[in-house]
Number of protein chains: 2
Amino acid sequence: MENEPLLMLPGPVPMPERVRAAMMRQAINHRGKEFSGVYADCVRILKAAFGTGNDLFVISGSGTAAMEAAVGNFGRGRKIACLVNGKFGERLYKISQRYGDAQEIASEWGTPLDLGRLEEALSSGAEMVTLVHNETSAGIKNPAEKIGKIARRHDALLVMDAITSVGGDEVRADAWGADVVVVGSQKCLAAPAGLSAISVSTRAWERMTEPRPFYLDLAAYRKSATAKLMETPYTPAVPLFMALREACLIMEEEGLSERIARHRRMADAVRAAAGAWGLPLFPKIDADHAYSNTATAIMLPPGVEDAGFRGTVKKMGIEIAGGQDHLKGKIFRIGSMGAVSAPEILATIAAVQYSLKVHGYQVKGDGVMEAAGVLG
Amino acid sequence: MENEPLLMLPGPVPMPERVRAAMMRQAINHRGKEFSGVYADCVRILKAAFGTGNDLFVISGSGTAAMEAAVGNFGRGRKIACLVNGKFGERLYKISQRYGDAQEIASEWGTPLDLGRLEEALSSGAEMVTLVHNETSAGIKNPAEKIGKIARRHDALLVMDAITSVGGDEVRADAWGADVVVVGSQKCLAAPAGLSAISVSTRAWERMTEPRPFYLDLAAYRKSATAKLMETPYTPAVPLFMALREACLIMEEEGLSERIARHRRMADAVRAAAGAWGLPLFPKIDADHAYSNTATAIMLPPGVEDAGFRGTVKKMGIEIAGGQDHLKGKIFRIGSMGAVSAPEILATIAAVQYSLKVHGYQVKGDGVMEAAGVLG
């Protein structure tokens, strides 16, 4: 064990030693065969995790950069219908406002998306839909497959933020009709922060818009990444690529379906603990929407003060997340992404349960044993 | 010695072990005091290297991202005069075309900039000038101070790419009147590739344009980086920040003027070797323009084939650069940036001298001894 806080956040998450050690390498020339091989490994494994046969590129920039690449390459001047039920849906809407004629289709955070209004927007000429698959700000998983069908029916492009689901939950970009899909490195992939990846369908390539951003111009990415030599158009963050390759190899070794099952089991354990404590989960789900399998949002009990509550957990060496924006002080969130497994979950549940008690909330039942029952 | 090629390129360059080791750290939360301290150290030391008291931010993206941030935040819709005498000047022109009404003021690569045409463009209403301080594609250093005075006289903003000079040659952003200045991490700073930094003058802030790119929106960077807590608007590439901090501390320990003097000495040694060999330097300098002190561009002798020549050098474990674009096969370039000092220079000169001989060029004199004479 290292003397570092255990990050049980919806990203960044702890990295396996193999991943971190890969960054120690001396600088290499990114115009050459070795780097090309590293990049190719990332692309091959990420394509499987995206569920896509489309082109896929790694971007030296965070998930937000990849979101902007999606909108900025295919949405300039377009009518864009932005589905919003949390912070990252809002971010896609804000980005869309800079490039096109964006319409926000907002639901309360953590409540189902309004697919009726989506249909209306598409009938009124929207040519692109933006969707967050797994909205960690609210702990809700949105119905990507259903939305993909709606978008296809109206011949609109679907941009999907799968930043916190790829590698931790099922993503089937091609089967769902998601044309442009993005992931971040520091989430379920358990790689360092600073990279993102984006896949692009043939339909999307055929509908590129202009002018595009420069650093994030996907035409340049496509030109530089050839079967013969995989390069990036501009200098890549080489140590992060080295680390991402290791993280991808670990994912491949574990097996994607095993990895997804592990993520589900961990989220089940967290949800079981919340149930035992008598604390409701934050999202209001329905037949289409589900609880996130990578980050669980739980109502903070009345009277428990957020900073003190999470501070006590942190004293035990564990960082969990609070609510963002208007949910600050109202919910807390436990990430269960990447490399973490039973020991980290059990420790987290125990620390949270203790802190709830210390801060005046009498838990209804023993969340630790409930979680152990799921994990054991 | 590690069994890695010695990169004597105009970036990326070898990193000190301390810099690489900093990346091994476990993930930390980038919303917190520790990361804030890391970021603050980088900013403090980089401000000294930029010669600026202006705001300065670190961007998780390459130097090209910082170039785009410069043009994209201050040049939208503006008339932009782009000074071009090499590849990176061209890049700034290409970026400027996506945002504003860009006018290329082109000279042959490696020849003096046309300051007369710059005056004309400014008299005709150009509101922004783009300049590459140290143009490594051609090994020429452009007269930033003089151009700064011209820009000021016409009340235009000066955007300066100092990607390959900051930390290796004298840069005085404020004294020269450079409003927006950018650097890359993998050049004279000897940090890993993947970060860049940008400084912004008050004059520039007052002239921000809209709409701005999203990931590179400097208003968001300014809002997130406060005296109380230094944060980035979106997830930063944390391991690279850790490494950049170490690289900056090393620069501070060495002393900026000592570091610049060391870079000059190394470039002097390379130039002395070229002179001894009887090979002309590529740039055509004048009273205003100078040879680069961080990358030396040398004419490849007629009859010596580039790939074979550099291949022989590479067999000895050393990578030097060829020419880019239309200079491919006509010049070779030796970077002398960052942590490299006499041993690396001597080894490189020896390997190049041997390869020149092997590939049929009879050197006029002993470049190794000439270089040693400068370094010893």
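This is a predicted model: local features need pLDDT of at least 70, side-chain atom pairs count only at pLDDT 80 or more; totals for chains, interfaces and linings use all residues.
# Two copies, their contacts and their folds

Author: Local features need pLDDT of at least 70, and side-chain atom pairs count only at pLDDT 80 or more, while totals for chains, interfaces and linings use all residues. Residues are numbered from 1 along each chain as its sequence is written, and chains are lettered from A and ligands numbered from 1 in the order in which they are written.

Reader: What makes residues of chain B count as in contact with chain A?

Author: Distance does. Two residues are in contact if their C-beta atoms, placed from the backbone, lie within 7 Å. By that test, 41 residues of chain B touch 41 residues of chain A. Helices H1 (17-21), H3 (63-74), H4 (87-99) and H10 (238-254) of chain B each supply at least two residues of this side. H3(B) gives the most, with four residues. Helices (H or I, at least four residues) and strands (E, at least two) are DSSP runs, numbered from the N terminus.

Reader: How do you know through which surface the copies meet?

Author: 100% of the interface residues of chain B are also interface residues in chain A, so the copies meet through the same surface.

Reader: How does the side of chain B that touches chain A divide into nonpolar, polar and charged?

Author: It has 24 nonpolar, 11 polar and six charged residues. Ala, Val, Leu, Ile, Met, Phe, Trp, Tyr, Cys and Pro count as nonpolar; Asp, Glu, Lys and Arg as charged; the others, Gly among them, as polar.

Reader: Which domains does the assignment give for chain A?

Author: Domain 1 is 6-11 + 256-375, and domain 2 is 17-253. Such bounds come from an automatic or database domain assignment. The C-alpha centres of the two domains of chain A lie 27 Å apart. Their contact takes 29 residues from domain 1 and 30 residues from domain 2 of chain A. On the domain 1 side, helix H11 (256-277), strand E11 (290-291) and strand E12 (295-299) of chain A each supply at least two residues. H11(A) gives the most there, with four residues. That side of domain 1 of chain A divides into 14 nonpolar, nine polar and six charged residues.

Reader: Why is B:Ala261 called exposed?

Author: Count the neighbours. A residue is buried if 20 or more other C-beta atoms lie within 10 Å of its own, exposed if 12 or fewer, and partly exposed in between, with C-beta atoms placed from the backbone. B:Ala261 has 12 other C-beta atoms within 10 Å, so it is exposed. B:Ala261 belongs to helix H11 (residues 256-277) of chain B. B:Ala261 and B:Glu170 are 91 residues apart in sequence, yet 9.4 Å apart in space, C-alpha to C-alpha.

Reader: How do you know that the buried residues of H12(B) line one face?

Author: Look down the axis. In H12 (residues 306-315) of chain B, the buried residues are B:Phe309, B:Arg310 and B:Val313. They fall within an arc of 85°, so they line one face of the helix. The arc is that of the directions from the helix axis to the C-beta atoms. On the other side of H12(B), B:Ala307, B:Gly311 and B:Lys315 are exposed. Cover for the buried residues includes strands E13 (318-319), E14 (321-322) and E15 (331-335) and helix H13 (342-358) of chain B.

Reader: What puts the buried residues of H6(B) on the same side?

Author: In H6 (residues 144-153) of chain B, B:Ala144, B:Ile147, B:Gly148 and B:Ala151 are buried. They cover an arc of only 105° around the axis, which puts them on the same side of H6(B). Just after H6(B), B:Asp155 takes a positive phi of about 55°.

Reader: Why are E12 and E14 of chain B placed at the edges of their sheet?

Author: This open sheet of three strands in chain B has the order E12-E15-E14, with antiparallel pairing. Two strands pair if DSSP finds at least two bridges between them. E14(B) and E15(B) pair over two bridges. E12 (295-299) and E14 of chain B each have a single partner strand, so one side of each is left without a neighbour in the sheet.

Reader: Why is E3(A) called largely enclosed?

Author: Five of the six residues of E3 (residues 79-84) of chain A are buried, so the strand is largely enclosed by the rest of the structure. Six bridges join E3(A) to E4 (residues 101-106) of chain A, and the two run parallel. A:Ala81 stands opposite A:Gln103 in E4(A).
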